[in-house]
Amino acid sequence: MNRRSFILACGTIAVFPRTARAQTNRVPVIGFAGLSTAEGDRPFIEALRRGLRDAGLIDGQHVHIKSRHAGGDFSKAGPLIAELQALKTDIFIAPGPAVARVLRRATTLPILALQLPTWQTDPELYESIARPGGNLTGFSSMGEGLSAKRIELLRELLPNLKTLGVLHNATDKNFTEWGVATEADARAQGLAVSRQAMSAASTEEVARCFAALRKDGATAVIVIRDFVTSSMGKQIVNAANDARIAVVAEHRDYATDGALFSYGPDILDLFRRAGGYIDKILKGAKPGDLPIQLPTKFELVVNGRTAKALGIILPPTILIRADEVIE
């Protein structure tokens, strides 16, 4: 073989995986199985597209992202996944642990899950963070591990706080456990707690929970984000502001919608980073061999307008640490 032929042969081998797909006109399908609303999932899908572009994969050219959304209704998870399977999905994106568990039972195809719990191993999802095993890997938001810090920040803003509300999804065990853990963190800091669990994404459930919070004397509430609470995010914030209850959340979308503040990982960064894992899996990597990644970016977003409306003076210690203050 002459030198030119050798170089051409090596070049063909190097690009074979994508070239082979192009020759067969087979563009891989990325199935996004969202349990929230299409509106709530849109920023995650856009971040995923950015991450794919960073890896050299253009949506509509090298891959196709197909999404389905349950609107906060967990009973739609099965039919939603069946729709994506009918589209010949190659890799599933599970934006949370609830849909990840359904996918684990429904398919042996690769699953890339986001916002996974890491404070304890969930054998239904993975064997260990370093080596998940099976057909799943992904990213953790460490949501359950930051509740104590959120409470500390809240007490700087509300030094006279006595009763804290905790609002979470009642239909998934992980979010119930996060609610219980958050309650324990609050009690450890000397606060009374009114823990309320939403069993459905409905205005009636929001009203019921806030009636209970008012009855218990809660003046602030920590909202644990999941497919139920994210589907009702704006309604939760509006109900809280009407009741003059300060909302604390994990993700910046709540602060943008009117929560007092949010503190947690940059979730959009996790979805962007997921693009690199999709690229690895399409090139032949086994999901179970790829370690579950932890967040590297955290942000504190404070809503100055909400603070003013609630009569809360933002102390310099909070303003200095804030990544953004919404005025």
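1. In this predicted model, helix H6 (residues 147-157) packs against helix H7 (residues 173-188) at an angle of about 45°, and their axes lie 9 Å apart; axes are lines fitted to C-alpha atoms over the stretch in contact, with angles running from 0 to 180 degrees between N-to-C directions. Helices are DSSP runs (H or I, at least four residues) numbered from the N terminus.

2. H6 and H7 are therefore oblique to each other, a class left over once angles under 35 degrees (roughly parallel), over 145 (roughly antiparallel) and 65 to 115 (roughly perpendicular) are set aside.

3. The contact, meaning heavy atoms within 4.5 Å, is made by Ser147, Ala148 and Ile151 on the H6 side and by Ala181, Thr182, Asp185 and Ala186 on the H7 side. These residues divide into four nonpolar, two polar and one charged, where Asp, Glu, Lys and Arg count as charged, Ala, Val, Leu, Ile, Met, Phe, Trp, Tyr, Cys and Pro as nonpolar, and the others, Gly among them, as polar.

4. The largest pocket has a volume of about 440 Å³, and of the 23 residues that line this pocket, Glu39, Gly40, Arg225, Asp253 and Asp257 are the closest to its centre. A pocket is an open set of points on a 1 Å grid over the protein atoms alone, where a 1.4 Å probe fits, with protein on both sides within 12 Å along at least five of seven lines, and lining residues have an atom within 4 Å of a point; the volume is the space filled by probe spheres set on the points, which are joined across faces, edges and corners.

5. H11 gives the most to this lining, with five residues, and by class the lining has seven nonpolar, eight polar and eight charged residues.

6. Residues are numbered from 1 along each chain as its sequence is written, and side-chain values use heavy atoms, with hydrogens and water left out. Local features need pLDDT of at least 70 and side-chain atom pairs count only at pLDDT 80 or more, whereas totals for chains, interfaces and linings use all residues.

Methods: Helix = DSSP H or I, 4+ residues; strand = E, 2+ residues; numbered from the N terminus.
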